[in-house]
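Reader: I would like to learn how to read salt bridges and helix faces in a model. Please go through them one at a time.

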Amino acid sequence: MKTAAPNPLTRRLFWDVDPLSLNLQQHRVFIIERILEEGDETAVNWLKRTYPLETIQDVLRTSRRLSPKTANFFATELSVSMKEIRCLQPSYRRAHVLRWPR
């Protein structure tokens, strides 16, 4: 795998880190979460070409950083059962609401 994310993605999606310091293997969870949450169709297509589908699905299943809206969309898009996605589970959603009352 390449060591750094490509320039078109880094400027727009990774504004808070040094793009040259991103290692695609070492920082894969961070990169996948960011692209799923903030990326457009081009970024998601790049993600699918760069990482195996199983890796993206594993991040989707275990991430606590994805919003329920994003997780719900990609559950359908990537053929992952919503019951397997951590951030869509009732206990997680209840804790999330308690931290951020409306």
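Reader: Is aspartate 58 buried, partly exposed or exposed?

Author: First, the ground rules. This is a predicted model, in which local features need pLDDT of at least 70 and side-chain atom pairs count only at pLDDT 80 or more, while totals for chains, interfaces and linings use all residues. Residues are numbered from 1 along each chain as its sequence is written, and side-chain values use heavy atoms, with hydrogens and water left out. Buried means under 20% relative accessible area, exposed means over 50%, and partly exposed lies in between (1.4 Å probe, protein chains only). Aspartate 58 has 43% relative accessibility and counts as partly exposed.

Reader: Which residue does aspartate 58 form a salt bridge with?

Author: Side chains of opposite charge can pair when their charged atoms come close. The term salt bridge is used for a side-chain nitrogen of Lys or Arg within 4 Å of a carboxyl oxygen of Asp or Glu. Here the partner of aspartate 58 is arginine 61, with the closest N and O atoms 3.2 Å apart. Arginine 61 is also partly exposed, at 21%. Both residues belong to helix 4 (residues 53-62) and are three residues apart, about one turn of the helix. Helices are DSSP runs (H or I, at least four residues), numbered from the N terminus. A network of salt bridges links Asp58, Arg61 and Glu84.

Reader: How many salt bridges are there in the whole structure?

Author: A search finds six. One of them joins arginine 12 and aspartate 40, with 3.5 Å between the closest N and O atoms. Arginine 12 is in helix 1 (residues 7-13) and aspartate 40 is in the loop between helix 2 (28-38) and helix 3 (41-50), so this pair ties together parts that are 28 residues apart in sequence. Another salt bridge is formed by glutamate 77 and lysine 48 (3.2 Å, N to O). Glutamate 77 lies in helix 5 (residues 68-77) and lysine 48 in helix 3, so the parts tied together here are 29 residues apart in sequence.

Reader: Which residues are buried in helix 5?

Author: An α-helix has 3.6 residues a turn, so residues three or four places apart point the same way. In helix 5 the buried residues are Thr70, Ala71, Phe74 and Ala75. They cover an arc of only 135 degrees around the axis (taken from the directions from the helix axis to the C-beta atoms), which puts them on the same side of helix 5. The exposed residues Lys69 and Thr76 are on the face turned away from that buried side.

Methods: Helices (H or I, at least four residues) and strands (E, at least two) are DSSP runs, numbered from the N terminus.
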